[in-house]
Amino acid sequence: MKETATNVYVVGVGGQGAVMATELTSEVALAAGYDVKKGEVHGMSQRGGIIASHARFGKNITSPVIGKGEADYILAFEAVEALRSIEYLKPNGTIIVNEQQIVPPIAHFLKIQYPDKVKEKLEDGKRKVITLNAFEKAVEVGSELLVNTLLLGVLSKLLELPEKAWKEVLVNRFGTKMLDLNMKAFEAGRAMKF
């Protein structure tokens, strides 16, 4: 068991499944025998606002909060949210970015332009950047609702948590109704090359 804490910061907008992804990651770490703490911040999530959640696991975790510059991994469900959360990533950390762009309603009213070249802005040599269009891949697998499970498949390859524990948590969470599709999405994420 790793002695130091592993910090996973998950960010997206309301309805993308960021909270569920954090819960599943936490359940897997717990099943693997780690002490786990998690927490969430919702900002008008029902209206497309930001969702940021924290999952920390290790031998002895005392707080669920990941401070700026402390995240080992950021799992960003939306491109601009990746930019807005980058200050949470530690030097040489890894950010997984879903390239999907969701323009917040307020941007239309205030005529704020969506930033371009997000990937280029993140790739400054200070971190590992993994980008993918998880939305398109999830649709290929079977449903746009599988984005979070697909991104968890990618994250699962980076974390020191057993694949078996991930699959057991998926079975327990999804039962028989959505299990096959979620397992396909998870495997599709794991199969991606970076």
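Predicted model: local features only at pLDDT ≥ 70, side-chain atom pairs only at ≥ 80, totals over all residues.
Visitor: Are K167 and E163 buried, partly exposed or exposed?

Guide: Buried means under 20% relative accessible area and exposed means over 50%, with partly exposed in between. K167 has a relative accessibility of 25%, and E163 has a relative accessible area of 32%. Because these values are 25% for K167 and 32% for E163, K167 counts as partly exposed, and E163 is likewise partly exposed.

Visitor: Which residues are linked with E163 and K167 in a network of salt bridges?

Guide: The pair of K167 and E163 is joined by a salt bridge. E163 and K167 also belong to a network of salt bridges, and its other members are E187 and R190.

Visitor: How many salt bridges does a search of the whole structure find?

Guide: One of them is formed by K167 and E163, and another joins the side chains of K37 and D35 at 3.3 Å, N to O. A search of the whole structure finds a total of 14.

Visitor: How many residues apart are E27 and R173, which link distant parts of the chain?

Guide: E27 forms a salt bridge with R173, and their closest N and O atoms are 2.3 Å apart. E27 belongs to helix α1 (residues 18-31), while R173 belongs to helix α7 (residues 163-174). E27 is partly exposed at 29% relative accessibility, and R173 is partly exposed at 30%. The pair links parts of the chain that are distant, with a separation of 146 residues.

Visitor: Is V28 buried or exposed?

Guide: V28 is placed in helix α1. A residue counts as buried under 20% relative accessible area. The value for V28 is 0%, so V28 is buried.

Visitor: What is the C-alpha to C-alpha distance between V28 and S156?

Guide: V28 is located in helix α1. Along the sequence, V28 and S156 are 128 residues apart. In space, their C-alpha to C-alpha distance is 9.8 Å.

Visitor: How far apart in space are N60 and E3, C-alpha to C-alpha?

Guide: N60 is found in the loop between β3 (50-58) and β4 (71-76), and it is exposed because its relative accessibility is 61%. In sequence, N60 and E3 are 57 residues apart. Their C-alpha to C-alpha separation in space is 8.2 Å.

Visitor: What distance separates the C-alpha atoms of T62 and Q101?

Guide: T62 also has its place in the loop between β3 and β4. With 70% relative accessibility, T62 counts as exposed. T62 and Q101 are 39 residues apart along the chain, and their C-alpha atoms are separated by 35 Å.

Visitor: What is the phi of N92, which is not a glycine?

Guide: Most residues other than glycine have a negative phi. N92 lies in strand β5 (residues 89-98) and is exposed, with a relative accessible area of 66%. Its phi is positive, at about 65°.

Visitor: Where does K117 lie?

Guide: K117 is a residue other than glycine, and its phi has a positive value near 55°. At 58% relative accessibility, K117 counts as exposed. Its place is the loop between α3 and α4 (118-122).

Visitor: How many nonpolar, polar and charged residues are in the lining of the second largest pocket?

Guide: The second largest pocket holds about 190 Å³ of space. Its lining consists of G15, Q16, G17, Q100, I102, F135, E144, L145, V147 and N148. By class, the lining has four nonpolar, five polar and one charged residues.

Conventions:
Residues numbered from 1 in each chain as written. Heavy atoms only, no water. 1 Å grid on protein atoms, 1.4 Å probe; cavity = no way out; pocket = protein on both sides within 12 Å on 5 of 7 lines; lining within 4 Å. Points joined across faces, edges and corners; volume = space filled by probe spheres on them. Nonpolar A, V, L, I, M, F, W, Y, C, P; charged D, E, K, R; others polar. Salt bridge = Lys/Arg side-chain N within 4 Å of Asp/Glu carboxyl O. Helix = DSSP H or I, 4+ residues; strand = E, 2+ residues; numbered from the N terminus. Buried < 20%, exposed > 50% of the residue type's maximum accessible area, 1.4 Å probe, protein only.
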